[in-house]
Protein chains: 4
Amino acid sequence: MKVIIFYNPLKLFKKQLDEIIALFEKENIRVTGCFPAQSKITEEMASQSDYFVVFGGDGTVLKVAEKAAIFSKPIICLNTGNLGFLSAYSGDEIKELINDIKNGNLHFSKRYLLECSIGNKTYFVLNDVVLIKSQPLGTIDIEIKIDGSMLYSFLADGVIISTSTGSTAYALSAGGPIINPNLNVIEIVPLAAHALNVKPLIIEPTHKIEVFLKTLSHDFAYVTGDGDVLYQIKTNESFVVTGSEKYIKLAQKNNGYFFDALKQKLGFGRRFE
Amino acid sequence: MKVIIFYNPLKLFKKQLDEIIALFEKENIRVTGCFPAQSKITEEMASQSDYFVVFGGDGTVLKVAEKAAIFSKPIICLNTGNLGFLSAYSGDEIKELINDIKNGNLHFSKRYLLECSIGNKTYFVLNDVVLIKSQPLGTIDIEIKIDGSMLYSFLADGVIISTSTGSTAYALSAGGPIINPNLNVIEIVPLAAHALNVKPLIIEPTHKIEVFLKTLSHDFAYVTGDGDVLYQIKTNESFVVTGSEKYIKLAQKNNGYFFDALKQKLGFGRRFE
Amino acid sequence: MKVIIFYNPLKLFKKQLDEIIALFEKENIRVTGCFPAQSKITEEMASQSDYFVVFGGDGTVLKVAEKAAIFSKPIICLNTGNLGFLSAYSGDEIKELINDIKNGNLHFSKRYLLECSIGNKTYFVLNDVVLIKSQPLGTIDIEIKIDGSMLYSFLADGVIISTSTGSTAYALSAGGPIINPNLNVIEIVPLAAHALNVKPLIIEPTHKIEVFLKTLSHDFAYVTGDGDVLYQIKTNESFVVTGSEKYIKLAQKNNGYFFDALKQKLGFGRRFE
Amino acid sequence: MKVIIFYNPLKLFKKQLDEIIALFEKENIRVTGCFPAQSKITEEMASQSDYFVVFGGDGTVLKVAEKAAIFSKPIICLNTGNLGFLSAYSGDEIKELINDIKNGNLHFSKRYLLECSIGNKTYFVLNDVVLIKSQPLGTIDIEIKIDGSMLYSFLADGVIISTSTGSTAYALSAGGPIINPNLNVIEIVPLAAHALNVKPLIIEPTHKIEVFLKTLSHDFAYVTGDGDVLYQIKTNESFVVTGSEKYIKLAQKNNGYFFDALKQKLGFGRRFE
């Protein structure tokens, strides 16, 4: 069995990584690479592994997702802090993780990515693509077309195009519902729209969503993907988001895991009286 | 070509129905039955038709949905009032409807039903199953289990278990998002929950949702399905909702139809300045 | 010092009441009456007291509020269960309550009532007046006029007209904001409106709000006040709600009490990670 | 009668201003000054006027509000575009405006300001004070104290502290209710909080709201007031907002004006079927 380790370089240092690698090797799991999460790796390097093991929080998994999808490697995440929505193991469960790899005791959830085409490039994201104003003042005027037909336009701070996996991240903050991440859907959530009659909208991943920046009061707005800036967008420019055929396989402890994370991380449904 | 007509008996009377039937027959489409929407029909009667043609609003379609699913007959709805979410034709388009049937110029949207098991019976619904208090005062205490595991409990007026088709009906009123009806998902929306940390939740149709009535201050609460009372439920009773393998095929004019209905019927995304 | 005790007859029985009265008398506080909360009392009886002491939850206080306002008697509530929004003392603090009365160590919050005119009667409420459908199915069509001018109309399960005190009760469940109860305002919150473009609205207590029942699909709808049915309203009937000049004085432990109750009872602002 | 004119310099040019001034002078209303809205004027200059007449939209009024409050001059606004929430006259009603001034046919709404103390300075705002992150990524961790006591903390894009006048501006976009601007209240609305259990909160203007920036992932965040940047705030800094004793008097056509603007500008309560 061979793994590549990706880690959050702000949380894990050389000494800890050496100890982690030793634990894997002791159980005859070869660590064929150990990289900061945002590193680029080649197909050849990826082919030397059965799994991508991620040490970090949800943000660290997001930085690994695109390469995991491209190279078809399952992700197993141990959260160095509290449990996250994307991690299967918490900080003190490294031996359990190693045993589960060794014994093939792993369950995977298939998570489809979004594909965002902007400025002659295509990006793949696991959580969301966000258009957001660059300045603290004013709004931007956004038009949304679905499969070439105008759906609606609104003044807002921005708009979030999210997967079900991203529904518990920024889309939730903007008022979106909670969506079981096993569902392959796209959610469009306006961000602080100055309008009463817009709502979160959930559609099929086959739709082509075109986001057009009609007017903005400042120089540019940002398009971000999974927490990275992808592009500085100007008036009269647009980008397209659609469901991708690419997906990742993400290790999960059991089927109820998502609901447990909801309760633990968001206090979902907790009773107070 | 043979059709059975179902109609809203409060909107259409004998004279109008005779005229409608004549229009069909004139184009060599046989009308093998003409019934009020809530009528029960036998399998043999159903087998004498290619389509169920519905004259009425969304509520009329709901009354036809279960039999259309059971007998695998596509539904084509002409709305006698304004366009609805479930009708493809508006009141003045009967000739267009007849021509489209004649020429096979019909597009269908597949809509999965929910299956609700309560009191030793099973019901199939197209929009939603609703648990709602029977009295104007007080709340009911509801527990929701998913696949046998407790998800959450809350005090509320009730809870709505909805398909994507139902997302623009009662679930919307209770704060749910808008969901493209082509998606096969289940939405759980608490109805006026007295809690901050519950939200609409969207899950896969394979989940088994058990709704348990923990306490209520009055005699009973109602369980309704697609606008009919299914059951008077008492404390310590429960019911189960899950996605059905049954579905209907619903005629639609074109792919953008759902978004058009959103704008027309709900003012979705309309600009006012 | 003289008090009248009002209690929740489902929670407190003769033996306990006798013990409570003994505790008061021991400290030379005369108990001039001891009644179930919903009892009617005469002006003369009321005049034999300095305070109305309430044993029960928020619902028990609501049943005492109108008479406390009419007879100008301050309310001091000990919650027999968990702390409520309207109680200053929790179940085990009866000695503290008695001492605070004895030593004049009491702080009062002034809470204005609403005045609801319906069917030739006028009612005074502390929390809210609610129009709500009587049946589990369908909606009612409601028109709201402010000071004689049509404001808006909508299809809904009902509408809540609330004080700031009531903002943490049913109005919260229906999507209203949290309002510090010291503020003398009126909040109008549609209950499960089938519309995107209605929102909670907060206005001055001097406005005259006329609620007109335009259509309903069943026999009647209910108008309730503070958890009691006031009226069975029919199509084409209306009622009027406005801020009252009457108010109650409600004992509170300290100024931050409201925010403490928010956190304790609703988990408001609690962090989970 | 004497007026000072303030205008939006991006909308009105010299030629138009000369024509406007001529219309006033023709009716014996002296124009003692004509300035871009953001201009600073002295007390002496202000004293040479009975009214501040504003030509522009709501944003233009915001730039005049502080000086109108300090120098106690009523504001009369003619909107050069569509009607705004703060304008009494639309673009083609200049003669009506002049006649109303001449004949004293003016009604004023009293609008209290907020006072924001930050970085040794105090600012007065009519709509809102906003804390907002400076970067497209990440959240900021915000603590809110009321009168010295911790109320709550949350991760968010920011927080809006708004007057009732500002309730139809940014606070609405962030999910706040609509508040009649005659009410003297403060509204606290988290901006895209990553939490389920925070809600808009409405409190009295006498409260001292301290907003403390606990952590942020980037260099600084912005504090803005009425659409101007007031301060670049860093970790461990805070600012205080409270209701001011200063107010403006804003011309309104009639008492129902606010509700009309709601319907016209936001489509509030409009029926679509």
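How many bridges join strand S10 of chain A to strand S12 of chain A, and do the two run parallel or antiparallel? Select residues 158–163 and 186–191 of chain A in this predicted model. Six bridges join the two strands, which run antiparallel. For one of the pairings, pick Thr163(A): its bridge partner in S12(A) is Ile186(A).

A rotation of 180° with 0.0 Å of shift along its axis superposes chain A on chain B, with an RMSD of 0.0 Å. That is the relation of a two-fold axis. The same surface serves both copies, as 97% of the contact residues of chain A recur in chain B. To find the axis from chain A, select Pro177(A), the residue of that chain whose C-alpha comes closest to it, at 3.4 Å.

Finish on helix H3 of chain B, residues 58–70. Its 13 residues should span 18 Å at 1.5 Å a residue, and the end C-alpha atoms are 19 Å apart, which agrees. Centre the view on Val64(B), where H3(B) has a kink of about 40°. Val64(B) is also one of the buried residues of the helix, among them Thr60(B), Leu62(B) and Lys67(B). The cover over these buried residues includes strands S1 (2–7), S3 (51–55) and S17 (238–252) of chain B. After H3(B) comes Ser72(B), with a positive phi near 55°.

Notes: Residues numbered from 1 in each chain as written. Chains lettered and ligands numbered in written order. Predicted model: local features only at pLDDT ≥ 70, side-chain atom pairs only at ≥ 80, totals over all residues. Heavy atoms only, no water. Least-squares fit on C-alpha atoms with pLDDT ≥ 70 in both. Contact = heavy atoms within 4.5 Å. Pairing = 2+ DSSP bridges. Helix = DSSP H or I, 4+ residues; strand = E, 2+ residues; numbered from the N terminus. Expected span 1.5 Å × (residues − 1). Bend = angle between axes of the 7 residues up to and from the residue. Buried < 20%, exposed > 50% of the residue type's maximum accessible area, 1.4 Å probe, protein only.
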